Structures are given as structure tokens and as C-alpha cells.
Amino acid sequence: MAELGKAGDPPNPAAVLREPARLAAVDAVRAVDALAADTFARSVDLAERLLDTRMALISLAGADQQYFRGDNGRAVPWHGEQERVDWCFCSEVVVSGRPLAIEDVRHDSAHRADRAIAATGMRAYLGVPLLLEELPVGVLYVIDTRPRLWDPDQQHALEQLGASVMSEIRLRLDAAEHGRLYARAAAAAVVEHRRSQQLQDLARASLRINAAPSLDFALQTATEEARALVGTHQSVTSMTTNLRWAQAINAVSLSDKYGEYRFFDEPPAGEGIYVLVCKDNRPMRMTQDELEAHPAWRGFGSYAPVHPPMRGWLAVPLIATDGRNLGLIQLSDKTDGGDFTADDEAVLVQLAQLASASIEKAAALENQYEIARTLQSSLLPQQLPEQSAVSAASRYLPAAARAGVGGDWFDVIGLSSARVALVVGDVVGHGIHAAAAMGRLRTAVRTLADVDPTPEELLTRLDDLVNRQSAESGDDGADPAHGGSADVGTTCLYAVYDPVTGRCALARAGHPAPIVVAPDGSADFLDLPPGPPLGVGGVPFEAVEVEVPEGSLLAFYTDGLIESRQRDLEAGLEELRQALTEPCDSLEALCDHVVKTLLPEPPADDAALLLVRPHSLDETRVATWDIAAEPAEVARIRARTARLLAAWGLEEMGFVTELVVSELVTNAIRYGQPPIQMRLIHDRTIICEVSDASSTAPHLHQARIFDEGGRGLMLVAQLTQRWGTRHARDGKTIWCELALPAEGEPVQGLSVAGLAGLDGLEGLDGLEGLSVDGLLPPDAEQ
């Protein structure tokens with residue numbers, strides 16, 4: 001027996017066979033069996049023919065087993081069979097890494113391959129190592145059943161064939177590696193595409209949530225987007241305030257699978273597993289088994305029987321910018337039937353982060369909106385006061401929460417002489433600043449109206465006030481949306497209707513003109529000079545006085561009623577004009593019809609509507625007398641007053657009314673200038689007016705006890721409900737109102753002694769000659 005290529009003592013066989021890098025190389029070759037089967041078969045066949053042997057085989061040597069490849073179907077093991085690694089001489093070739101030639105195995109005293117000899121009838125053996133990256137992974141060998149002398153050329157040929165086998169194996173490995181790389185690249189591309197799609201979906205979801213017009217819409221949108229992104233049948237979003245679950249706002253999104261629970265809206269009990277998410281501000285993900293094993297998972301409280309069944313669970317917290325917990329988003333029952341994954345959790349966490357900012361912002365805006373809305377509501381009239389001069393109805397529609405509360409306002413103000421002021425205005429901007437500006441202006445209008453200026457005078461004074469406030473605040477020309485003066489640029493319309501004359505005086509500061517609906521049902525816009533908005537200054541306001549026939553209707557409104565993104569201003573005005581011609585049973589019904597027609601959806605801006613039906617006063621309830629500037633006129637006027645009160649059925653008011661008339665007429669004769677005129681009006685009160693050409697206004701003051709005069713106005717103030725002075729271009733009017741006796745209640749008697757007991761009227765020395773029954777001297781003309 002001769003052993004070719006042997007040099008020195010071989011290394012430790014066990015160490016070589018079990019070397020990890022070598023075993024990894026063996027596994028790599030085995031992994032491409034399907035690709036290399038033809039290569040193995042061709043190589044074995046070629047080895048038999050080259051060396052003229054009856055058997056050839058390839059063996060891949062593992063740590064304990066060897067695996068046969070490329071069998072020729074005769075006496076050797078079949079392809080894929082296994083034997084112990086020491087079954088033949090192959091382990092020796094692998095351990096040495098060199099060829100091994102045995103001429104006659106009978107000369108082998110160690111009996112190293114008895115089992116292989118018995119199985120194959122082997123007498124001669126020639127094997128060469130198969131090297132992969134210089135690591136011996138197996139052996140290509142031939143077997144002869146007779147003794148054989150192996151020459152160097154045969155060994156070299158077999159080595160060349162082994163090298164060729166391994167070259168093809170390397171090509172197969174490279175191809176497999178390329179395939180794996182391609183597969184990994186394709187998988188990475190799929191993952192990248194999915195992530196890109198998720199990012200796009202997240203961006204779209206963020207835009208939808210951020211664009212939600214209210215907090216409820218933001219929560220519902222976040223709930224629906226969470227279910228769509230992860231792919232589940234259930235999604236619930238809950239928002240709390242400091243973990244007060246009883247006040248939680250909830251949004252639910254369920255697929256058709258849970259259609260029977262679609263109207264489930266029970267509040268959280270605050271006892272379940274979801275509370276842990278909010279307390280720790282950390283996501284939680286569980287399989288169904290883990291969920292059911294958790295002690296807190298059934299914390300639904302009393303509504304557990306109606307809660308949709310759970311199928312796995314994923315929940316992430318909603319966290320405010322300052323770290324506070326806002327609530328959480330919960331998902332259950334994946335549409336693919338699987339468990340929630342780390343990727344699902346990552347996507348939901350990203351959505352929750354985006355949604356938290358939008359939800360926090362929406363909650364802050366809604367809170368600010370509610371504050372402004374409450375402020376605005378408290379500043380607007382809760383109900384319109386009843387007036388004899390007009391019947392009125394109104395509607396106020398605040399803008400959607402995202403737009404913010406505006407500064408529209410309206411008012412109906414009772415004036416002297418049964419007249420009424422009608423006001424509508426629109427402050428620039430939205431929010432608390434606009435509501436506060438509206439409150440200031442409404443109060444200013446009421447204060448100015450109390451001194452009875454003409455409409456153009458009132459707007460001029462209001463314009464001065466706005467300019468002064470703007471200058472004092474340092475916000476001249478500032479943008480009201482950024483904290484500037486919201487008063488500047490405000491529009492306003494002020495009208496005064498007189499039921500005695502049936503005429504209405506109007507002036508406007510940049511506000512839309514009112515619409516007059518005639519008794520025949522036709523409607524048209526009043527032709528009014530527009531005037532500049534308040535705070536502009538430099539342009540005077542002009543008033544127009546129009547006659548308003550009985551049965552007419554006046555419509556005042558703000559631009560929020562007629563302007564929208566769906567129509568232009570002209571179309572809105574025409575639509576309003578047409579809506580006002582619709583026959584309705586009442587002003588309230590007409591208000592509802594107009595609002596429904598023009599604003600089928602919540603407006604983008606505040607909208608106010610004031611409908612007024614003026615009423616003329618019956619001529620028999622008004623008396624006007626010219627008065628000569630002579631003291632004797634006082635008694636005659638008292639007498640005419642007594643007769644007029646009797647005609648009105650108010651004899652019991654005679655003493656007080658005549659006393660007041662006497663004082664006012666006496667003051668006009670003594671201190672005023674002719675012409676002097678007196679007017680009595682029977683309305684909800686008895687109104688007494690005395691006018692003269694002097695512009696000097698009387699003043700109420702405290703007379704000293706021994707003063708002979710100075711108590712007239714004090715007497716009038718004590719005996720009447722209210723009194724005042726109204727200036728005109730050619731004089732002034734002193735007026736007062738006396739309350740009518742309540743139905744069924746007698747008027748309490750009043751004596752001279754009683755008058756002396758009134759506050760501030762001590763020492764009435766001038767009343768000795770008065771008759772308590774008529775307040776007339778004995779010789780007065782009746």
C-alpha cells in the first residue's frame with residue numbers, strides 16, 4: 001500500500017472535523033444541492049471514465065456524518081444517504097487536506113474501512129479533497145474492486161476534476177447568494193414601499209386630523225385613521241382631563257363585523273387595562289391569551305356585557321406637549337387574523353404623536369371658543385325687550401369653532417317718546433378680542449343712545465371713541481387677528497323709528513343696507529349713503545329719513561348671513577331679498593326660514609339677523625299743544641291735561657301728571673325761549689314732553705331748605721319713572737314718563753303733605769294754594 005502526498009503527522013481529526021468555519025462551508029454546499037445535482041452526477045461519471053474504475057462518489061463530511069452525492073447507482077450508497085464520517089477513508093482526506101491513494105486495502109493493518117470494504121468490495125482507493133475557500137468540505141474519490149497502482153497522472157486528473165466540481169459549486173453558491181441578495185433586496189423594497197405608503201398615509205391622516213373643524217371631529221378622524229393604518233376591526237379613542245374618565249370624550253370606529261355594536265357609546269369605567277397605558281404613558285401590546293390572562297383586562301365596569309368582544313389588543317397613549325396624558329388610542333381584532341406586531345405598534349405610536357398635537361390644539365381652540373362664546377352670549381341681548389313701537393325677532397349663529405367666535409351684535413333700545421333704536425354691527429376678527437370689542441361697542445351705543453343723538457351724530461361719536469381707544473392702546477392700524485384693535489374697521493347701522501310720525505331715520509358706517517318689505521310683500525334695499533367703517537375717520541356720516549307704512553318689515557343683518565364660499569355677495573343679497581318675501585305666520589317663523597335658506601350649514605363667519613315690524617301709534621293717543629310764553633298758560637295746560645286723561649280713562653293719574661306738567665311748562669316759560677310746545681303720549685306709560693327753542697339744558701340740583709325755587713326737576717324726578725333731555729338742531733325737549741296704574745289696583749292718593757315728605761322736597765312753601773283734587777287754584781279756568 002502506498003499513500004501519496006503524505007507529509008508529517010496529521011492534525012487532530014476531531015478538531016478539524018468540528019471546526020465551525022469548515023462546517024459552515026459544508027452547510028453552504030449542502031444548501032445548493034438542488035442546483036448542483038447535475039454537477040455532482042457528471043463529475044462522478046467522468047471520474048469513473050477517466051480512471052477506468054467501477055465506482056466513484058462525492059462525500060461531504062460533517063462533524064459526525066458524511067453525506068453522499070452523485071452516486072452511480074451500483075454498489076455505493078445512494079445520493080442523499082448518510083453514513084458515519086469514518087465509514088471510509090474520506091475523513092482522513094478531509095482532516096489532512098491532501099489526496100489519499102491506497103493500492104490494496106488488504107495491506108491496511110488498522111482495518112480503517114472494514115464497513116465500506118464489506119459494502120462495496122473495495123480493494124483500491126483514490127480520493128482528493130474538495131476545497132471551498134481553502135476549507136476541506138468533502139472528497140471526490142474512486143474505488144476499484146481489484147488492487148490498483150495509482151500513478152501521479154491519475155491523481156492529478158482526479159484533482160483537476162475535483163477543482164472543476166468546486167468551481168461549479170462556487171458558481172452555484174454565487175448564484176444562490178445573488179438570489180438571496182435579490183430576494184433580500186426585493187423584500188427590503190417591499191418593506192420600504194410599505195413604509196413609504198405608511199408615511200404617506202400618516203401624512204394624510206395628520207392633515208385630516210389637523211383640518212378637523214372641532215375636537216369631536218379630530219378624535220373621530222384619529223380613530224378612523226388608526227383602524228385604517230394598522231388594519232383592524234375595532235378602534236376606540238378616549239380623551240380625558242387629568243384621567244377623569246367620567247368626563248372622557250370617546251370616538252369609536254367599527255367594521256361591519258361589529259355592526260351590532262355600532263352605536264356603542266358607554267363611557268369608560270376607568271378601571272380597565274387602558275388606565276395603565278395612560279398612567280404610565282407607554283404603549284401596550286398583547287395577544288388574546290395575554291389579554292385574557294391580565295387581571296385588569298375586563299375593567300369595563302357595568303357596561304362589560306355590551307362591550308364588543310376583544311381579539312388581541314394594542315394601545316398607545318396620547319401625550320400633550322408638556323408630557324401630560326390626554327388619553328389613548330386602542331385597537332383590537334386585526335383584519336388578517338394575526339397578532340399585533342412591533343411594526344403595528346410603531347405605526348400607531350407615530351399616528352398618536354401626530355394626533356396628540358392636533359387634538360391638544362383642537363381642545364385649546366374649543367376651550368377658547370367656549371370662553372369667547374360665553375362672553376359673547378352674555379353681552380348679547382338674551383331676549384328682545386317688548387316695545388309698542390315695533391315687534392321684533394332675531395337670530396344669531398356663531399361661526400364654526402375653528403373659525404372662532406366673531407363680534408356681530410344687534411340691539412333694540414327703547415328711547416324717549418315711545419321711539420325705538422335699532423342697531424346691528426359687525427366687529428372685525430374673531431375670538432375673545434372680537435367678543436370683548438363687541439361688548440364695548442354695544443355698551444357705548446346704549447350709553448350714547450340714552451342722550452338721544454341723531455343716527456349720524458351717534459355714529460360720529462362712536463367713530464371718535466374707536467379712534468381714541470385705538471390711539472390709547474397703541475394699536476392704530478394693527479391687525480385685529482394678531483392682537484390689534486378689533487374696534488377699528490367695525491361696521492354699524494343705527495336706526496331710530498318714531499311710532500308717532502311713522503318715520504325711521506337711519507345712518508350706517510360701512511354696514512350692508514337694510515331691506516324693506518312693503519305691505520304688498522315686495523322687498524327692496526334702502527338707498528342709504530354707505531359711510532366709512534368705524535375708526536377710519538375723516539368722512540362724515542349721513543342719515544336718511546324714510547316713511548315706513550303700517551304693515552312693513554325692516555330686515556337688518558350682518559355679512560355672515562349673505563357671504564359664503566358657495567356664492568358671491570350679490571347672489572347672497574338677492575337670495576336674502578327673495579327669502580324675506582316668503583309668507584310666514586310670524587316673525588319667528590320668517591327668521592327660521594331665512595336662516596335655513598341662506599345657511600343650511602354652520603357659517604364660516606358669525607351671522608346676525610334682526611327682523612322688525614314697526615307699528616304706528618293711534619292718533620287718539622297723542623296730543624300736541626302750542627304754549628304761549630305767559631304764566632297764565634300753566635293753568636290752561638293743566639286743565640287740558642286733566643280733560644285728556646279723563647278721555648283716556650286715567651282720571652286717577654290727574655294729580656301727579658298735572659303737577660309734573662305744571663313744573664315742566666313753568667320751567668319752559670321761565671327759562672326757555674319760544675316757540676314752546678307740549679306733547680302727551682299714551683303708550684305703555686304716560687309720556688310728557690315740553691319743547692322750546694333754547695338749547696340750554698336744565699340740571700338737577702339739591703335746593704336748600706329756605707330756597708323759594710329749584711325743586712321743579714327734583715319733583716319731576718321723584719314722581720316719574722324716568723326723565724331726560726333731548727336736543728335738536730333748533731332747541732331741546734324735556735321729557736318724562738309716568739307709570740300707568742296696574743290693572744285692578746287703585747292709584748294711591750298723594751297730598752301736598754305727602755309731596756313734602758319726598759326725598760329732597762322739604763319746605764315746599766309755594767304749594768299752599770294748590771287743590772289736592774285738581775292741583776288748580778280756585779279761580780282757574782276749567
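Trainee: What makes Y258 buried?

Mentor: Y258 has a relative accessible area of 3%. Buried means under 20%, exposed over 50% and partly exposed in between, using a 1.4 Å probe and protein chains only, so Y258 counts as buried. By the way, this is a predicted model: local features need pLDDT of at least 70, side-chain atom pairs pLDDT 80 or more, while totals for chains, interfaces and linings use all residues. Residues are numbered from 1 along each chain as its sequence is written, and side-chain values use heavy atoms, leaving out hydrogens and water.

Trainee: And Y261, buried or exposed?

Mentor: Buried, because its relative accessibility is 18%.

Trainee: Why is the pair of Y258 and Y261 called tilted?

Mentor: Rings of Phe, Tyr and Trp (its six-membered ring) pair if their centres lie within 6.5 Å; planes under 30 degrees apart are stacked, over 60 edge-to-face, the rest tilted. Here the centres are 6.3 Å apart and the planes at 50 degrees, so Y258 and Y261 form a tilted pair.

Trainee: How many aromatic pairs are there by this rule?

Mentor: Four. One of them is F89 with Y125, tilted at 5.1 Å centre to centre and 55 degrees between the planes. F89 and Y125 are both buried, and ring pairs link F89, Y125 and Y141 into a cluster.

Trainee: What makes D411 buried?

Mentor: Its relative accessible area is 1%, so D411 is buried.
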